[in-house]
Amino acid sequence: MIFIVLLLFLITGCSDMDLPELPDNESVIDDAVVLDLDIAETDDDGISEDLIVATVGGYDVPFSGRVYFSVSGAMDDLIPVKSPAMGSAEGSDLALSVWDKGFFVIGRYDSSRLYFFKDDGAGGFDPEELDLSGGKVLNLQDGVYNPLRDEFIVSALNSSSLIIIKDGEITELKISENENASPAKMRIIGGKLYVAMQNLDEKWRSQAGQVAVVGLDDHDVSIIDLPVMNPVGKIEYNGSVDPDHFYIACAGGWQKRDGAILRVDLETGGSQIILSESGEEGSLLDGDMVDVSLAGNGDLYLVFSNNSDRWTNRLLKYETLKGRVSMVDSGLNAFAANPVEYSAGSKKIYYFADEGPDTYLKSIDTVSGEKGGLLLKEGPAAVKVRVEYE
């Protein structure tokens with residue numbers, strides 16, 4: 001698995017910071033694909049958001065997972081949530097997901113546990129823990145809530161099935177006959193669940209790129225074949241920007257420079273490669289695609305790993321209406337379960353970045369360009385925004 005090896009730095013404080021200005025960067029791409037998007041106006045007054053951040057002391061630090069919650073959506077208002085010891089005796093690796101009654105934390109590589117945090121109606125959360133392993137190493141990845149059947153669905157790299165949790169019962173939904181099918185990130189769009197499948201062999205090498213499409217009402221399954229291997233990023237969708245397509249980052253063969261950002265048609269399953277990695281030394285795209293978020297103005301923000309430059313990971317901005325790619329920030333932590341997130345409420349991009357031994361949760365306002373940052377006490381695991389439309 002491409003995200004297993006990572007040294008997480010422990011951090012000593014939590015405070016606001018004045019972020020230094022980025023040095024002048026002349027590395028810009030002006031000939032990327034231009035998209036003709038019909039962006040709809042949204043009513044900002046009808047949106048509220050919660051900001052959730054999961055951290056770990058390190059992948060090899062037992063039971064070091066923590067979670068922070070901000071009901072205002074502001075980084076300054078993040079407070080720790082009372083929780084059980086999250087992780088396992090071998091280490092800690094967490095992902096985040098949300099549902100209408102709260103949020104839940106997913107124990108990934110080591111623990112195979114879910115931690116549900118239900119709103120208690122008094123400004124806090126009632127935690128509940130569930131072990132899915134049954135003695136197996138599942139390598140959990142992502143989770144969603146299916147309101148049509150009142151069930152939770154969880155993906156695991158070590159399975160060709162999805163795990164269904166309903167009324168305290170645990171069942172499996174097989175989504176592929178391929179023994180190398182490796183379900184990873186998931187996204188509900190309309191009445192369907194889209195599941196990225198990395199198709200990893202015994203040496204964690206991707207053999208193909210696919211997306212399974214699961215009907216939320218009947219669990220019927222179909223498959224979209226992608227033109228690029230290894231869909232490692234989230235399935236990104238913004239209905240006010242591009243209601244007929246979703247976007248996904250595919251790494252291809254790691255360090256092979258054959259990855260790309262795909263725009264996938266929801267109706268036909270057809271894929272368009274809109275931005276490709278480059279083998280040209282010194283190019284802004286000389287590296288590997290990791291993840292992508294789609295802002296409300298049509299800009300795509302990319303987490304990009306440049307292994308040829310001392311693993312200096314970057315945040316890139318792809319202005320799809322102009323066909324222009326530029327660097328926004330460097331030093332990104334690209335190995336968190338969810339390293340980048342867009343909020344439709346604040347119109348901010350949230351991401352993790354390292355500065356020496358310190359790790360920050362950073363933000364950039366996609367309208368004004370204003371930047372902010374918060375020094376974390378631990379290493380990053382995931383950032384998630386829960387948006388509610390009134």
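# Briefing: an all-strand chain and its salt bridges

Of the 390 residues in this chain, 57% count as buried. The model is a predicted one. The chain holds 27 strands and zero helices. Its radius of gyration is 19 Å, close to the 21 Å that the globule rule gives for 390 residues, so the chain is as compact as a globular protein of that length.

**Overall dimensions and surface**

- Taken along the principal axes, the C-alpha atoms fill a box of roughly 55 × 45 × 45 Å.
- The accessible surface of the chain comes to about 16600 Å², and 46% of that surface belongs to carbon and sulfur atoms.
- Among contacts in the chain with a separation of 6 or more, 50% are between residues 24 or more positions apart.

**The open sheet β3-β2-β1-β27**

- Four strands make up an open sheet, in the order β3-β2-β1-β27, with antiparallel pairing.
- Strands β3 (79–80) and β27 (379–389) stand at the edges with a single partner strand each, so one side of each has no neighbour in the sheet.
- Strand β2 (residues 66–70) pairs with β3 in the antiparallel sense, over two bridges.
- Y68 has P80 in β3 as its bridge partner.

**Strand β17 and its two partners**

- Five of the six residues of β17 are buried, so this strand is largely enclosed by the rest of the structure.
- On one side of the pairing list, β16 and β17 run antiparallel and are joined by six bridges.
- The bridge partner of H245 is D265 in β17.
- Strands β17 and β18 also run antiparallel, joined by five bridges.
- A260 stands opposite S276, a residue of β18.
- The hairpin formed by β17 and β18 has five residues between the strands, and G269 in its turn has a positive phi of about 80°.

**Salt bridges across the chain**

- The count of salt bridges comes to 17.
- Side chains of opposite charge can pair when their charged atoms come close.
- R257 and D286 form a salt bridge, with their closest N and O atoms 2.6 Å apart. This pair links distant parts of the chain, 29 residues apart: R257 is in the loop between β16 (245–250) and β17 (260–265), and D286 is in the loop between β18 (271–276) and β19 (288–294). Both R257 and D286 are buried.
- K362 and D329 meet through their side chains in a salt bridge, at 3.1 Å from N to O. K362 lies in strand β25 (residues 358–365) and D329 in strand β22 (residues 324–330), so the pair ties together parts that are 33 residues apart in sequence.
- The side chains of D201 and R205 form a salt bridge of 3.2 Å, N to O. D201 is buried, with a relative accessible area of 10%, whereas R205 is partly exposed at 45%. The value for R205 lies between 20% and 50%, so R205 counts as neither buried nor exposed.
- A network of salt bridges links D30, E319, K322 and R324.

- V144 is placed in strand β8 (residues 140–146).
- With a relative accessible area of 8%, V144 is buried.
- Which residues is V144 in contact with, leaving aside its neighbours within four places in sequence? They are S97, F104, E151, F152, I153, M186, I188 and L193.
- P243 is 99 residues from V144 along the chain, and the C-alpha atoms of V144 and P243 are separated by 20 Å.

Methods. Residues numbered from 1 in each chain as written. Predicted model: local features only at pLDDT ≥ 70, side-chain atom pairs only at ≥ 80, totals over all residues. Heavy atoms only, no water. Salt bridge = Lys/Arg side-chain N within 4 Å of Asp/Glu carboxyl O. Buried < 20%, exposed > 50% of the residue type's maximum accessible area, 1.4 Å probe, protein only. Pairing = 2+ DSSP bridges. Contact = heavy atoms within 4.5 Å. Rg over C-alpha atoms; globule rule 2.2 N^0.38 Å. Areas by Shrake-Rupley, 256 points an atom, 1.4 Å probe, with all protein chains shown as cover.
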